[in-house]
Amino acid sequence: MITKTVYGDPIKTDAVTAEVETIPETRHFSVKRGARSLTFTYALAPEDTVYGLGEAMGRLNKRGGRYVSFNTDTGEHEETTPSLYGSHNFLVISGRETFGAFFDTPARTVFEIDWKGSGLIRVECETGDLSLFEIENSTAYGVCRELLAAVGPCYLPPLWAFGYGQSRFGYRDEADFRAVADGYQKNGIPLDYICMDIDYMDKFRDFSFDKKGFPDIAAFSAEMGERGIRLVPIVDAGIKIEPGDPVYEEGVRNGYFCRNKDGGYFRAAVWPGMTHFPDFLNTSAREWFGRQYRFYTDAGIEGFWNDMNEPAIFYSQYTKGWKSVLWQLAMDVLFGEKRREQKERGHIRDLKSFSHNMDGRRLRHYDVHNLFGGMMTRATGEGLRKLLGHRYMLFSRSSYIGANRYGGVWTGDNTSKWEHLMLNVRHSQELNMCGFLYSGADTGGFNGNCTRELLLRWLAFSVFTPLMRNHTGKLTRAQEAYAFGDTEAFRKVISLRYRLLPYIYSEYMKAALTSDMYIKPLEFVYPEARGIEDQILVGDSLMAAPIVQEGAPERQVFLPEDMTEVRYDGNFHCSPAPRGTRTVHMALDEVVFFIRKGKLLPVGPEIQNTREYDPERLTLLGDGESYGLYTDDGIGFDCTMENVRTLRK
Ligand code: GLC
């Protein structure tokens, strides 16, 4: 059961679409009013577990932490970083009582959860305007499913978006992209798409191609298409201030950008230098922005990643003065912490200085900050739906609950370190709890240099996340699967993704169509697994138990019931795995996972690309009796549970 309590005068965030009964008082929290803010308090029982918050740092059980919902370009985040790129104000309390609470407010919100041993949940919403949704259900898993149902149908990517993709900040021209395609195809490593980072653009302008690097993008996209490879360009939130540029001119003419207090358009520097921010909270501006993707779809491009949409600001018209980006960077290095604080103050000042026109209602950006990226996803998703008339690939850096109806997310600039592989494992569960089924991290890590071992282990986990993309920064070592000398181990691990495609695609689509999670914590189904964060349930049949430690040839795996162990080394080897704890050895070129008792797992033959996917060529592994295979044309919107047919062993 889900109910809503309204405080102040909240805006329509577009998060929950279901009709929900409104009740006058919260059932679980005590509420205290501040000058502007509202603070909600709940006394935890010692045995309570608190899940949620989607993309946040900390453990799966959020107790003991302080987290701030305030979408931030966090560059290099670490354990104590309070805010990441997305804000997902959803908590699930499980223990003495079990219930969920979604604080639907786009303003900065601070969550202290048993912080410093207080025994309390304390949620401070900076503006007093919000809807609090409370969900009663007997299990944490049930609570999440109710939220997902209330938010509405999850984004459905095309089949090809479940392939493997390569990316790098620094690919410049056609030759670079051909070299990546060659590197994969010559080595027999499957590949479905290559992401185009900002260097494809002319002066880092959205909706432009650098003519030298890409003289005929439609022809190039067709050439790559012949090879089974899609191009996936990045689109940044800010529109470069560039008189003569039709997108810029049209935006200015029609008032589609965010405004300053003096009525002019707010100016902030991002990759292209000074930009204006489209007013994604405004319906006309959103529709206009969505239409711009025609520039790409006309060239046969159907996949995108939306970036810098927290929004990220390098400096603004207020904080810049005469200073260049280089000057700014030098100051960062010279004055470390002091400079960081100063910049943070400047950033807040910036965010307070511009406003939105939400269809007639003027709103200070700072008060609705967390909605910006999610509304960009909506603009793009709605635009692409109209332009293409079929499914598209889309993932965004910033997000808010509800944006999962229009696209997926990736978790931003992580680092090539083992802790961030584990962070990816945790986030995959936490993002699913609030509906972001299509998600993934930069496999191998964005900052820093990845090792062969880390990349292989990371790929062995990414095989299970719907978005499986290897991406890295500009100055890091080459991170493509063919860049580490011998390629055979990489070929094997990435091939597993394609052999699991019948399962991954079916489970994703079924979950999305039934308001279910695609990845869930083991303890959501087996309460005796409480506290185990590094074993996850992927779909209904499979348990993954990745190695997330450097140098570890093996790991302990807890089996809450008898399962089938599957060792993939290029072939599938199944053996019974009795209930209990066992040591599982995994060579670097192997992936070991488990099939739950009484379940089946469909696997296909080795293929090089999702184009070769044939749902008629299947083998069923496991000891179950039947499996519901989802099949469709992989691209149209005709997706219903009627596309599920029962396979029997
Ligand atoms: C941001 C993105 C990263 C991208 C870079 C250049 O840092 O998070 O993925 O490579 O910008 O566009």
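Biologist: How far is an oxygen atom of the ligand from an N or O atom in the side chain of Asp 413?

Modeller: First, a word on the source: this is a predicted model, in which local features need pLDDT of at least 70, side-chain atom pairs count only at pLDDT 80 or more, and totals for chains, interfaces and linings use all residues. Residues are numbered from 1 along each chain as its sequence is written, and side-chain values use heavy atoms, leaving out hydrogens and water. For Asp 413, the computed distance to the ligand oxygen is 2.5 Å.

Biologist: Let's turn to helix 13. How many of the 13 residues of helix 13 are buried?

Modeller: Helices here are DSSP runs (H or I, at least four residues), and strands are E runs of at least two, numbered from the N terminus. Buried means under 20% relative accessible area, exposed over 50%, and partly exposed in between (1.4 Å probe, protein chains only). Helix 13 is largely enclosed by the rest of the structure, because its buried residues number twelve.

Biologist: Which helix is included in what covers the buried residues of helix 13?

Modeller: The cover is judged by contact, meaning heavy atoms within 4.5 Å. Strands contribute, including strand 31 (536–538) and strand 40 (626–630). The helix included is helix 12 (488–499).

Biologist: Last one: with which side chain does the side chain of Arg 178 make a polar contact?

Modeller: Arg 178 sits in helix 2 (residues 174–186) and is partly exposed at 28% relative accessible area. Beyond its neighbours within four places in sequence, Arg 178 is in contact with Phe 220, Glu 223 and Arg 227. A polar contact is a pair of N or O atoms within 3.5 Å; within protein, one must be able to donate a hydrogen and the other to accept it, and residues adjacent in sequence count only if both atoms are side-chain atoms. At 2.6 Å, the partner is Glu 223.
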